[in-house]
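Biologist: I have this one open in the viewer now. Could you walk me through it?

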Amino acid sequence: MRVGLLALALWVALPGGVAAQQVYSGREAQALKCAWIFSKTASMLENADLISIEDLETSLMVSARILQLYVSGDDRTKLAGLRVVGTRRNAIETLAEFRGQSMACLRMFPVE
């Protein structure tokens, strides 16, 4: 799981990337969106020193678990889907989605 978290963190932090293409829809697309808002929001908050590295790691674990449980495809394909979700919203939109949808995401995609 630690390697998966590192890959997720790097993918969220770095621009670009090439991976297999898959079109996600429905519940899988929603899971990707939820994984994105958790990982990107935590990354932004940690970069601004508003949360600890431990809180960032917890959020990345939640995101990785959502991807593992609710999105089909190999890790590279899932991360490519996550990247696509990220290109469709800016930081302000991501933060607003986190505020408005994070609890619904946890209810729809339990990770425990």
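Biologist: Which residues of α3 are buried?

Modeller: In α3, the buried residues are L56, S59, L60, V62, S63, A64, I66 and L67, where buried means under 20% relative accessible area, exposed means over 50% and partly exposed lies in between, with a 1.4 Å probe and protein chains only. Please keep in mind that this is a predicted model, in which local features need pLDDT of at least 70 and side-chain atom pairs count only at pLDDT 80 or more, while totals for chains, interfaces and linings use all residues. Residues are numbered from 1 along each chain as its sequence is written, and side-chain values use heavy atoms, with hydrogens and water left out.

Biologist: What span should α3 have, given its number of residues?

Modeller: Helix α3 covers residues 53–70, and at 1.5 Å a residue its 18 residues should span 26 Å, which agrees with the 25 Å between its end C-alpha atoms. The expected span is 1.5 Å times one less than the number of residues.

Biologist: How about α4?

Modeller: Helix α4, residues 75–87, reaches 19 Å from its first C-alpha to its last, close to the 18 Å expected for its 13 residues. Its buried residues are T77, K78, L79, A80, G81, L82, R83, V85 and G86.

Biologist: How do α2 and α3 cross?

Modeller: Their axes come within 9 Å and cross at roughly 170°, the axes being lines fitted to C-alpha atoms, for helices over the stretch in contact, with angles from 0 to 180 degrees between N-to-C directions. The two helices are therefore roughly antiparallel, given that angles over 145 degrees count as roughly antiparallel, under 35 as roughly parallel, 65 to 115 as roughly perpendicular and the rest as oblique. The residues of that contact divide into 13 nonpolar, four polar and three charged, where Ala, Val, Leu, Ile, Met, Phe, Trp, Tyr, Cys and Pro count as nonpolar, Asp, Glu, Lys and Arg as charged, and the others, Gly among them, as polar.

Biologist: What is phi of D49?

Modeller: Phi of D49 is near 60°, a positive value in a residue other than glycine. D49 is found in the loop between α2 and α3, and its relative accessible area of 66% makes D49 exposed.

Biologist: What about α2 and α5?

Modeller: The axes of α2 (residues 26–47) and α5 (residues 91–108) come within 8 Å and cross at roughly 120°, which makes α2 oblique to α5. Among the residues that meet there are W36, F38 and M44 in α2, and L95, F98 and L106 in α5.

Biologist: Where does A91 lie?

Modeller: A91 lies in helix α5, and at 36% relative accessibility A91 counts as partly exposed. A91 and T41 are 8.1 Å apart in space, C-alpha to C-alpha, and 50 residues apart in sequence.

Methods:
Helix = DSSP H or I, 4+ residues; strand = E, 2+ residues; numbered from the N terminus. Contact = heavy atoms within 4.5 Å.
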